[in-house]
Amino acid sequence: MNKLTLWFHKLGSPEYFYRFAGRWAPWAGWSFALLTVIGLYLGMFKAPPDYQQGESYRIIFIHVPSAWMSMFIYVAMSAAGFVGLVWRIKVAEIMAMASAPIGAAFTLVTLVTGAFWGKPMWGAYWVWDARLTSELILLFIYLGIIGLYQAIEDRRTAARAASLLALVGLVNIPIIHFSVEWWTTLHQGSTVNLMGESSMHPSMLWPLLIMAVATKLYYVMNVLQRARNMILELESNKSWAKTVLQPAEASR
Amino acid sequence: MQGHSLATAAFALLSRDLRLAFRRRGEALSPILFLLMVATLFPLGLSPDPEQLAAIAPGVIWVAALLSSLLALNQMFHADLRDGTLEQLIISPWPLPVMALVKVLAHWIISGLPLTVVAPVLGLGYGLDGATVKIMFWSLLLGTPTLSFIGAIGVALSVGLHRGGMFLALLVLPLFVPVLIFATAGISASAEGFAVGSHLYLLGALLALAVSTAPFAIAAGLRISIS
């Protein structure tokens, strides 16, 4: 077995993963903090006001990265859930379930910041537009997954059931998105294009991309920290977990 | 099991489910009654103005049909879980996805098919013209089986849980959205005199997707819930 495969296999062990996550979560957390300070400073003070939307467009530096994360985390959660379902890896199940609340939170942030942006731009906090509606439905799907996970007594059965629901949702989300597009769309189209030319000035684009990386790091920190807690809870009767929880007692 | 084919087993399961439903006719009628009541409440709550009623008819009737099939879903695996039939299905030599397909089919014949027949009649009551009522019938015929298939995934995942109804709604209602949109858009398009083919084709495509993939998800869900 080569080194990478070996490491990957090791990562499946809850104890190894616990230590691995404990090592990397602070790094992700501090780089998130640093990038957020830089990104928000550039976005709030350095970027020029928009020629149409004035100062109020600045909420995109929160709104757009959150919207990206709401979808990114869903895919990450489904991927982890798939691995958990197929190979029955405990750590993958935990990663999927640790992702769900973070994804739901980013979806909520997207909806709330979008409402604040919509009021001055469209004159209404909420409109029944395709993107808004599919984001709202995404929130409902997240809540369904979290609800199912909470409702089932046995933690591993709960994680497997919720992961399956996440996968069903993954198939449905594009269909839901295209079906709600049938209403004429009020929401502005994408202005950021990684492959081609973006229709956005670099002074606005850079803070946005920095914030996009920052939110990903926040996710990494948060999901690792959550997974650590969930692993401890799940393994609380194993000897290594007891050592972690009560170092003095175990050594006696 | 010698001498029995998969088709025999599937047919036996189907006829068993239908016979059980037929013996409890009153229970099987409740989705229809629910639909009728809800559809009666809207004119009382809004206004009896025929133009307004015709405008809201596709949405109201479809939402009522959707909620009615949601209520019926709760019953899908419940009795089978209590008397152990579900466990027998899981440990039987027949592929569980096929058995799940048959269960959903039986459930649709009991709850979805009556809705498909009755709801267009309500459309007449709401002042829709004949051609539109026909489209409503087709949209229900193509749409309600999809609802049963998607709903069955939710039921399979939550079958062992104590708090049923409301929770199931949280799981499956978001997934019902595309069916509702295509169906009501098709009926509205017909009422306004536009072509409806594309809407019905999309409903058919959703049904094809549901028939071919949902049974596997239902089977996986049942295996997770009953372990």
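The model is a predicted one.

| Helix pair in chain A | Axes come within | Crossing angle |
|---|---|---|
| Helix 5 (residues 130-151) and helix 6 (residues 155-180) | 9 Å | roughly 170° |
| Helix 4 (residues 90-122) and helix 7 (residues 202-234) | 9 Å | roughly 125° |

Let's start with helix 5 and helix 6 of chain A, whose axes cross at roughly 170°. Because angles over 145 degrees count as roughly antiparallel, that is how helix 5 of chain A runs relative to helix 6 of chain A. Residues of helix 5 of chain A in this contact include Ile137(A), Ile141(A) and Leu148(A), and among those of helix 6 of chain A are Leu165(A), Gly169(A) and Ile173(A). The residues of this contact comprise 16 nonpolar, five polar and no charged.

Next come helix 4 and helix 7 of chain A, which cross at roughly 125° and are therefore oblique to each other. Their crossing is right-handed. Helix 4 of chain A contributes residues including Ile94(A), Met97(A) and Ile102(A), while helix 7 of chain A brings, among them, Tyr219(A), Arg226(A) and Met230(A). Here the residues divide into 10 nonpolar, two polar and one charged.

**Where chain A touches chain B**

The contact between the chains takes 21 residues from chain A and 20 residues from chain B. On the side of chain A, helix 5 and helix 6 each supply at least two residues. Which helix of chain A gives the most to this side? Helix 6 of chain A does, with 11 residues. The side of chain A that touches chain B holds 15 nonpolar, five polar and one charged residue.

Key: Residues are numbered from 1 along each chain as its sequence is written. Chains are lettered from A and ligands numbered from 1 in the order in which they are written. This is a predicted model: local features need pLDDT of at least 70, side-chain atom pairs count only at pLDDT 80 or more; totals for chains, interfaces and linings use all residues. Axes are lines fitted to C-alpha atoms, for helices over the stretch in contact, and angles run from 0 to 180 degrees between N-to-C directions. Helices (H or I, at least four residues) and strands (E, at least two) are DSSP runs, numbered from the N terminus. Angles under 35 degrees count as roughly parallel, over 145 as roughly antiparallel, 65 to 115 as roughly perpendicular and the rest as oblique. Two residues are in contact if their C-beta atoms, placed from the backbone, lie within 7 Å. Ala, Val, Leu, Ile, Met, Phe, Trp, Tyr, Cys and Pro count as nonpolar, Asp, Glu, Lys and Arg as charged, and the others, Gly among them, as polar. A crossing is left-handed if the near helix is turned anticlockwise from the far one by less than a right angle, and right-handed if clockwise.
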